[in-house]
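Open the model in your viewer and keep the sequence beside it. The stops below can be selected one after another.

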Amino acid sequence: MRPSASARTSYGVRASSAAPYVPYPSFTSFVKARGPVLLRAARSLTANPSDAEDLLQTALTKTYVAWDRIEDHRALDGYVRRALLNTRTSQWRKRKVDEFACDELPEPETAPGPDPAEQQSLHDAMWRAVLKLPPRQRAMVVLRYYEDLSEAQTAEVLGVSVGTVKSAVSRALGKLRQDPELAPVR
């Protein structure tokens, strides 16, 4: 509120009409008195101290503009804190997004993976085909390809020569290639 020329000063002396009018003198005293406290409040809203100072400056500017409309000056702290929070929320909403539209997608296209049901069906068909093999060939195929043993290790486990393992596994693979259940795999 603007003091009239006949208003008394804090010392009880009438202010002369010739004295220069200082707009919002209590705003300056408010900022001097409450500035450090409000700066701490601004720092709690931002990670960077420089951003906190800018945030407080913006909130105080908004308070200065609205100074005439603020009726209860006892609630100034709350008004400035609300201005801090609203300003910070606006800054957060307007933040720059580092995504740009482009013609090509940066991620490579991934081929769809195999169908799990189809994989299980193939697995079951393979086991049925292996079970049709004679026991000796079946044992060699399982040791070589399911247990991942070398030819020498397979021969040692079964107590046969390496040549016997090679020839028996070759004949077993030939039978598996002939199996009609495995035709879709080929």
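The tour goes from a helix to salt bridges and then to a surface patch.

This is a predicted model, in which local features need pLDDT of at least 70 and side-chain atom pairs count only at pLDDT 80 or more, while totals for chains, interfaces and linings use all residues. Residues are numbered from 1 along each chain as its sequence is written, and side-chain values use heavy atoms, with hydrogens and water left out.

Select helix H3, residues 76–93 (helices are DSSP runs of H or I, at least four residues, numbered from the N terminus). Leu76, Asp77, Val80, Ala83, Leu84 and Thr87 are buried there (buried is under 20% relative accessible area, exposed over 50%, partly exposed in between, with a 1.4 Å probe and protein chains only). They lie on the same side of H3, because their arc around the axis is only 125 degrees (taken from the directions from the helix axis to the C-beta atoms).

Next, show Arg34 with Asp77: their side chains form a salt bridge at 2.4 Å, N to O (a side-chain nitrogen of Lys or Arg within 4 Å of a carboxyl oxygen of Asp or Glu). Arg34 belongs to helix H1 and Asp77 to helix H3, 43 residues apart.

Move to Arg128, Lys132, Asp179 and Glu181, which a network of salt bridges links. Within it, Lys132 and Glu181 meet at 3.6 Å, N to O. Lys132 is exposed, at 54%.

Finally, select Trp127, Leu131, Tyr145 and Tyr146, which make a nonpolar surface patch of about 400 Å² (residues with over 30% relative accessible area and no salt bridge, nonpolar side chains being joined within 5 Å; areas by the Shrake-Rupley method with a 1.4 Å probe). Helices H4 and H5 each give two or more residues to this patch.

Technical notes. Expected span 1.5 Å × (residues − 1). Patch = residues over 30% accessible without salt bridge, like charges linked within 9 Å, V, L, I, M, F, W, Y side chains within 5 Å.
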